[in-house]
Amino acid sequence: MGLPAVRLKTVLLVLLSLGLTLVLGFGLPEVLNLLFKLSGIPGANATYGIVLLYFVFVLWVAMPSIPRGTLPVQEKEVLITGCDSGFGLALAKHLHKLGFTVFAGCLLKNKNGDGAQELENLQSDRMRVLQLNVCSEEEVSEAVLFVRKHLKNPEKGLWGLVNNAGISSFGEVEFTSIDKYKEVTDVNLWGTIRITKAFLPFIRRAQGRVVCMVSMFGRMSSPSRSCYCVSKYGVEAFTDCLRQEMYHWGVKVIAIEPGNFIAATGIFTKESVERRGIEMWEEASDLLRNDYGKLHFSQEVAKMKSFVSSGGKDKTIVLQAITDALISRFPYARYNPTDTYCWIKLQVMSHLPTAIADRIYIY
């Protein structure tokens, strides 16, 4: 992105902030006065209403999280998918260090993957590494048998399930094949549903936790990321529905919505982006190539390459959010571990009129 475009976006954000300040400063008192008048409440109380709203806003934004109690970790058992690398590998080691018994599902265990070997090298009876491809009905069934066999007390169930396994891709809609949409969705969405349905009876017995790794792209879209957004929007919907169904059973279902942690997880590399770019261009029809042009396509691939090294490099806040979801007596329904920029963008894209939000961030 060039310097003029960056400056323009900065100016727009400042103008938006000033506009909201003016609306709140001049419009809110009038609205409160009108509401109070219609309700038969003296208009002088509008001042107190503004102070109360401001106080609530400060508590929501500026104050630290209210303590919600912590459950003991001892004898709690958790299954994590996607422990070969990234958040999954880091989380498996983190929870094990805290005292959890961890069932670490690894896609590449049967191929002596680095992540699986690292976890097995801990040589701990609280670290159980198992082969697990979330897209395979057979491997999921075998994982159920493995976990049941190694649970300390199968009748008490499994305390936690962390649906972490996921993949990503990029490409504008017309350059993304249906097979690519299916591939990403099979892991991110159907894999989450498949694993959850298989292990939910264990979780219900323990009145435990189901934690689903979503993304801020489960609540907002982004150009060239449609297949990933589609899968994560689906996980968000699945998590919400399951949470509502599980209230009756005392099971808490939580969504984790990280911001940009590409640099920390390595889910993209410059080499993988380059390969994907070549693949998309070669598969594209002559019509698409002519309409979009090689220059435009190359610029989009270059943007993605520059995106590879962006975002947070420290996984700590994500690991803390998942840990809180597992051991807090009253966990939040959603956690948004991210930096300030991504948090603001999520609020803008989620709450402002679409035309305004798109104008600020997209074009």
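User: What makes N163 part of a strand?

Analyst: N163 lies in strand 4, residues 160-163, where helices (H or I, at least four residues) and strands (E, at least two) are DSSP runs numbered from the N terminus. This is a predicted model, in which local features need pLDDT of at least 70 and side-chain atom pairs count only at pLDDT 80 or more, while totals for chains, interfaces and linings use all residues. Residues are numbered from 1 along each chain as its sequence is written, and side-chain values use heavy atoms, with hydrogens and water left out.

User: Why is N163 called buried?

Analyst: Buried means under 20% relative accessible area, exposed over 50%, and partly exposed in between, with a 1.4 Å probe and protein chains only. N163 has a relative accessible area of 2%, and therefore counts as buried.

User: Which residues does N163 touch, and what makes its link to T196 a polar contact?

Analyst: Contact means heavy atoms within 4.5 Å; leaving out residues up to four places away in sequence, N163 touches T81, T192, I195, T196, V210, V211, C212 and M213. A polar contact is a pair of N or O atoms within 3.5 Å, where within protein one must be able to donate a hydrogen and the other to accept it, and residues adjacent in sequence count only if both atoms are side-chain atoms. The side chains of N163 and T196 make such a contact at 2.9 Å.

User: Why does E300 count as buried, and what is it in contact with?

Analyst: At 19% relative accessibility, E300 falls under the 20% limit, so E300 is buried. E300 lies in helix 11, residues 294-307, and is in contact with E172 and S224, apart from neighbours within four places in sequence.

User: How do you know that strand 1 and strand 2 pair?

Analyst: Two strands pair if DSSP finds at least two bridges between them, and four bridges join strand 1 (residues 77-80) to strand 2 (residues 101-106), which run parallel. Within this pair, I80 stands opposite A104 in strand 2.

User: In what order do the strands of the sheet come, and what makes a strand an edge strand?

Analyst: Seven strands form an open sheet in the order 3-2-1-4-5-6-7, with parallel pairing. Strand 3 (127-131) and strand 7 (334-335) are the edge strands, since each pairs on one side only.
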